[in-house]
Amino acid sequence: MAEAEKTAQDAETQDAETQDAELAGVPEVAHEIINRHALYAAAGGLIPLPLLEVVTSGTIQLRMIAKLCDLYTLPFSEQAVKAAIATLVGSVLPFTVVGRTTFSLFRAVPLVGPALSLATVPAVAGAVTWAVGRVFAWHFQNGGSLENFDASAKAEQFKREFQEGKRRAASFVRGKAANAEAEAAAKA
């Protein structure tokens, strides 16, 4: 069992190194834009109204890409970004719009729905937004624009970034939980 865990950790380390190499040269301000919008998307995932988090995440992602376009002095096209995001997100999420709609409606089921959504929707929304931002930032940093952005060709990079985003979201939640436990212990 320990050998399998070590192999998994080595794979995670190698993935992180690959991601860092892919984003070498991306300005710190781009990372700040991405991190800020990922947090906004995660917070938007807490909205208790079915389907509203989908609209909120999409709007936040569009705004993030607009900010990155401003940073790289590139023209922004809402339609091009929407199409690219749909392709990227479709490459990692196992459900279609119908599935997402069903999941959002499941949130309306008393007790079970809100508990499930509180545990998953914010983390997924933040991870997807983070991954979208990182893929676009890398593309822009390497001389790309919205006109030559090929979302299908970026699917593997997006999948890696999404996995890292989920890992970071889980670490963030664990860190917050540990901090809350430590504060509670200190008060006791």
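This is a predicted model: local features need pLDDT of at least 70, side-chain atom pairs count only at pLDDT 80 or more; totals for chains, interfaces and linings use all residues.
Leu62 sits in helix 3. Leaving out residues up to four places away in sequence, I found Leu62 touching Phe76, Glu78, Val81 and Lys82. I also looked up the pair Leu62 and Ile85, which are 23 residues apart along the chain and whose C-alpha atoms are separated by 8.8 Å.

**Overall make-up and confidence**

I then went through the whole chain and listed seven helices and zero strands, so that the pattern read along the sequence is α-α-α-α-α-α-α. Of the 188 residues in the protein chain, 37% are buried. The chain exposes about 10600 Å², and carbon and sulfur atoms supply 62% of that area. For contacts between residues at least 6 apart in sequence, I noted that 77% join residues at least 24 apart.

How confident is the predictor in the protein chain on average? The average pLDDT is 78, and 64% of the residues score at least 70. Confidence is highest in helix 2, with a mean of 93, and lowest in helix 1 (residues 2-22), with a mean of 50. Over residues 11-19 the pLDDT falls below 50, and beyond near neighbours in sequence this stretch has six contacts in the model.

**Helix 2**

I checked the length of helix 2 against expectation: at 1.5 Å a residue its 17 residues should span 24 Å, and the end C-alpha atoms are 24 Å apart, which agrees. The buried residues of helix 2 are Ala30, His31, Ile33, Ile34, His37, Ala38, Ala41 and Gly44. Seen down the axis of helix 2, these buried residues fall within an arc of 160 degrees, so they line one face of the helix. An α-helix has 3.6 residues a turn, so residues three or four places apart point the same way. On the other side of helix 2, I found Glu28 and Leu39 exposed.

Helix 3 has 20 residues and reaches 29 Å from its first C-alpha to its last, close to the 28 Å expected at 1.5 Å a residue. The buried residues of helix 3 are Glu53, Thr56, Ser57, Ile60, Gln61, Leu62, Met64, Ile65, Ala66, Leu68 and Cys69.

I looked next at Thr73, which lies in the loop between helix 3 and helix 4. Is Thr73 buried or exposed? With a relative accessibility of 71%, Thr73 counts as exposed, since the limit for that word is over 50%. Its phi is near 50 degrees, a positive value in a residue other than glycine. I marked this down because most residues other than glycine have a negative phi.

**Helix 4**

Helix 4 has 13 residues and reaches 18 Å from its first C-alpha to its last, close to the 18 Å expected at 1.5 Å a residue. Val81, Ala84, Ile85, Leu88 and Val89 are the buried residues of helix 4. They cover an arc of only 125 degrees around the axis, which puts them on the same side of helix 4. The face turned away from that buried side carries the exposed residues Gln79, Ala86 and Gly90.

Which residues touch the most other members of the largest nonpolar core? In this core of 32 residues they are Ile65, Leu68, Val132, Phe136, Phe140 and Phe158. Two or more core residues come from each of helix 2 (28-44), helix 3 (52-71), helix 4 (78-90), helix 6 (112-141) and helix 7 (155-187). Helix 6 gives the largest share, nine residues.

Glu156, which is found in helix 7, is partly exposed, with a relative accessible area of 47%.

Terms used
Residues are numbered from 1 along each chain as its sequence is written. Side-chain values use heavy atoms; hydrogens and water are left out. A nonpolar core is a set of buried Ala, Val, Leu, Ile, Met, Phe, Trp, Tyr and Cys residues joined through side-chain atoms within 4.5 Å. Buried means under 20% relative accessible area, exposed over 50%, partly exposed in between (1.4 Å probe, protein chains only). Helices (H or I, at least four residues) and strands (E, at least two) are DSSP runs, numbered from the N terminus. The expected span of a helix is 1.5 Å times one less than its number of residues. The arc is that of the directions from the helix axis to the C-beta atoms. pLDDT is the predictor's confidence in each residue, from 0 to 100. Contact means heavy atoms within 4.5 Å. Accessible areas come from the Shrake-Rupley method with a 1.4 Å probe; for residues, only the protein chains shown count as cover.
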